[in-house]
Amino acid sequence: MKKSFKVKGIDCANCAAKLEAGVKKIPGVDKAIVSFMTEKLTIEAADDKFDGIVAEAVALCKKLEPDWEIVVK
Amino acid sequence: MFDIKEIAVLAIALVVYALVGGKIIKKALRNIKNGQVFDENFLMVVASLGSLILGEYAEGVMVMLLYRIGEYMQNRAVGKSRRAIADLMDIRPDYANVDGENGELVQVDPEDLEVGTVITVKPGERVPVDGIIIEGSSRLDTAALTGESVPRSVGEGDEIYSGVINLNGVLRVRVTKPCSESTATRILELIEEAADSKASAENFITKFARYYTPIVCGLALALAVIPPIIAGSWSVWIYRALTFLVVSCPCALVISIPLGFFGGIGGASSKGILIKGGNYLEALSMADTVVFDKPGTLTKGIFSVVAVHPEHMEEEQLLELATLAESFSDHPISRSLADEYKRVTRKKVDKARVASAEEFAGEGIIAIVDGKKVAAGNSKLMKRIGAESHECHLHGTTVHVSIDDHYEGHIIISDVVKEDSKSAIEKLKALGVKKTVMLTGDKAYIASDIAADLNLDEHHAELMPQDKVSIVETLLAKKAENRTLAFVGDGINDAPVLARADVGIAMGSMGSSAAVEAADIVLMNDKPSDVALAVKIARKTMGIVYQNIVLSIGIKVAVLILAAFGIANMWLAIFADTGVCMLAILNSMRCLRISDK
């Protein structure tokens with residue numbers, strides 16, 4: 001499954017790269033892209049683990065940059 | 001005595017420092033807790049605190065202040081560019097008008113529309129989803145989709161795409177595609193996903209940034225320790241080392257390169273050129289061979305009447321006879337005749353005048369029109385009925401017409417070269433494309449006519465669809481190293497070739513999702529000159545991206561060298577950090593502006 005999430009508050013390209021590297025390290029993630037320009041996080045992962053991975057990504061984001069917020073619809 | 005003054009100055013400096021830099025210090029501490037030491041916040045804290053400790057109060061405070069101002073301005077510039085690009089892509093309206101219970105119009109979310117629902121599009125509104133006009137006529141501004149500035153006239157029965165603006169008439173439209181599959185949504189998704197395919201220049205920068213900061217920090221440490229151990233004067237060398245830290249942030253690169261690509265992709269989309277990623281922009285900028293699959297790219301791909309040559313009667317009469325005779329057939333030739341008849345006479349074909357019609361496969365049709373026996377077809381058909389026909393000097397498909405077995409003339413139908421095909425080839429040559437190639441299934445003499453007319457370097461005729469791949473393979477093997485081959489097709493039956501070429505360009509095919517899927521670049525317009533425009537945009541964007549790489553790395557390295565020898569001070573270092581970043585962002589924004597010329 002592949003899904004994109006809006007990330008509110010990305011104001012630093014280097015930090016976007018940090019988040020991307022972090023999400024890539026979450027077990028089960030096949031592909032992760034943080035686009036600084038479109039303020040979007042795209043995750044590709046297996047369907048059954050997807051929700052857990054998203055929750056982990058949200059927590060990671062909070063830890064790295066408390067000003068950012070991954071919008072999960 | 002000076003102690004009190006000193007302490008007062010220090011106190012003021014510290015208060016100002018805390019006010020200006022508090023947030024940065026907090027961020028730096030938090031990131032250290034997360035295990036990220038080499039972070040720009042931390043580096044700024046070390047540089048400014050170091051200056052304070054060395055007694056350079058003004059500089060210490062100013063480093064922090066300017067860093068904050070620089071960050072603020074960067075954010076503004078980035079926000080502005082994001083908005084500029086978003087505005088270009090603001091082609092999807094927030095609402096659609098549907099009929100309410102009492103006949104009034106009710107606004108609903110386009111996402112909730114179902115196929116078959118009838119919506120009303122008022123003048124000045126954007127069409128929310130794809131559909132077919134069932135009532136009304138108007139002119140449409142399609143600039144947002146195609147970059148074409150001349151409004152298009154539409155009426156009942158015409159298909160319209162979401163994203164276009166209805167200019168003057170009220171239109172009633174039956175929805176043919178749900179919002180998620182409509183043109184506007186697909187374009188937006190395509191452009192947003194474009195940011196995911198990164199060009200090698202972008203990957204280079206990400207990698208560079210990963211090593212750059214630790215290396216500069218290591219150099220700073222070496223500079224702070226090694227020379228003083230040998231020659232003394234610690235504070236001088238520590239100051240120089242702190243200058244290094246200020247320059248060590250890779251921000252200018254990390255922001256401006258993706259911004260440049262995104263600007264180029266956004267700017268291109270405003271001209272109806274959809275590029276699916278920075279990597280394709282990069283590949284296209286290096287194109288030196290452009291291969292056109294003829295129908296639908298260099299030519300219109302539909303057969304039209306190019307000449308009517310009657311023996312005795314008026315041109316219009318001959319056309320009318322042929323059209324009527326062919327009116328019950330759905331052969332492409334009959335359709336071209338009907339189109340031409342409609343264009344010339346502005347009348348509908350009156351099928352009631354045709355009493356009967358018999359089709360002879362591979363020859364033509366014999367029909368009874370107004371009580372007379374009318375034959376329309378090739379020379380074989382003329383021979384069959386014993387009418388004496390003669391061939392035309394024009395190339396194309398010839399439809400001979402006879403009345404009661406007497407020859408009356410012929411009509412020439414052929415695939416018409418698009419108006420700007422010639423200038424497209426000229427522009428590509430001017431841009432330095434070495435080889436332009438045409439592939440076609442046409443007869444060799446027709447192909448060489450067109451190739452000579454358009455001044456193409458190479459053409460291959462009488463091809464079967466499967467031949468195209470092998471020809472493209474041969475051309476790929478022949479091209480110069482570090483150069484690329486672009487293939488332009490109309491998206492019909494050429495998905496394998498689109499995928500095989502370095503850059504696959506599909507044109508005028510927003511309707512065909514297979515083509516959009518297989519192509520790397522989609523041209524919304526039918527204009528072949530947009531291929532040249534795309535190459536130009538790609539060149540310009542890559543130029544700006546390389547300028548930014550050279551500018552920011554160059555200035556940083558220069559300042560580092562100057563700082564090591566004590567020539568550059570903290571101020572210059574700050575310029576090399578935030579100043580260069582601003583310059584690079586402003587330079588990137590040039591990617592958005594595209595002139596047609």
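I count a residue as buried if 20 or more other C-beta atoms lie within 10 Å of its own, as exposed if 12 or fewer do, and as partly exposed in between, with C-beta atoms placed from the backbone. I number residues from 1 along each chain as its sequence is written, and chains are lettered from A and ligands numbered from 1 in the order in which they are written. The model is predicted, and I therefore keep in mind that local features need pLDDT of at least 70 and that side-chain atom pairs count only at pLDDT 80 or more, while totals for chains, interfaces and linings use all residues.

**Entry 1: helix 6 of chain B**

I looked up which residues of this helix are buried, and found B:Ala201, B:Glu202, B:Ile205, B:Val216, B:Ala220 and B:Leu223. Helices (H or I, at least four residues) and strands (E, at least two) are DSSP runs, numbered from the N terminus. The buried residues of helix 6 of chain B pack against helix 7 (234-247), helix 8 (251-269), helix 9 (278-285) and helix 18 (529-564) of chain B, where contact requires C-beta atoms, placed from the backbone, to lie within 7 Å.

**Entry 2: strands of chain B**

For pairing I require that DSSP finds at least two bridges between two strands. Strand 14 (residues 364-369) and strand 15 (residues 372-377) of chain B pair in the antiparallel sense over 6 bridges, with B:Ile365 opposite B:Ala376. These two strands form a hairpin with 2 residues between them, and B:Asp370 in the turn has a positive phi of about 50°. Strand 15 of chain B is also joined by 4 bridges to strand 16 (residues 397-403) of chain B, again antiparallel, and there B:Val374 stands opposite B:Ile403.

I also traced an open sheet of 6 strands in chain B, in the order 2-1-3-9-4-7 and with antiparallel pairing. Its edge strands are strand 2 (105-108) and strand 7 (159-160) of chain B, each of which pairs on one side only. Strand 1 (residues 96-99) and strand 2 of chain B are joined by 4 bridges, and B:Asn97 has B:Gln107 as its bridge partner.

**Entry 3: chain A and its side towards chain B**

Chain A has 2 helices and 4 strands, running β-α-β-β-α-β from the N terminus on. Of its 73 residues, 37% count as buried, and its C-alpha trace spans about 30 × 25 × 20 Å along the principal axes.

I found 13 residues of chain A in contact with 16 residues of chain B. Helix 1 (13-25), strand 2 (29-35), strand 3 (40-45) and helix 2 (50-64) of chain A each give two or more residues to this side, and helix 1 of chain A gives the most, with 3 residues.

Lastly, I looked at A:Lys3, which lies in strand 1 (residues 2-8) of chain A. A:Lys3 is partly exposed because 13 other C-beta atoms lie within 10 Å. A:Lys3 and A:Leu41 are 38 residues apart in sequence and 8.3 Å apart in space, C-alpha to C-alpha.

Terms used. Two residues are in contact if their C-beta atoms, placed from the backbone, lie within 7 Å.
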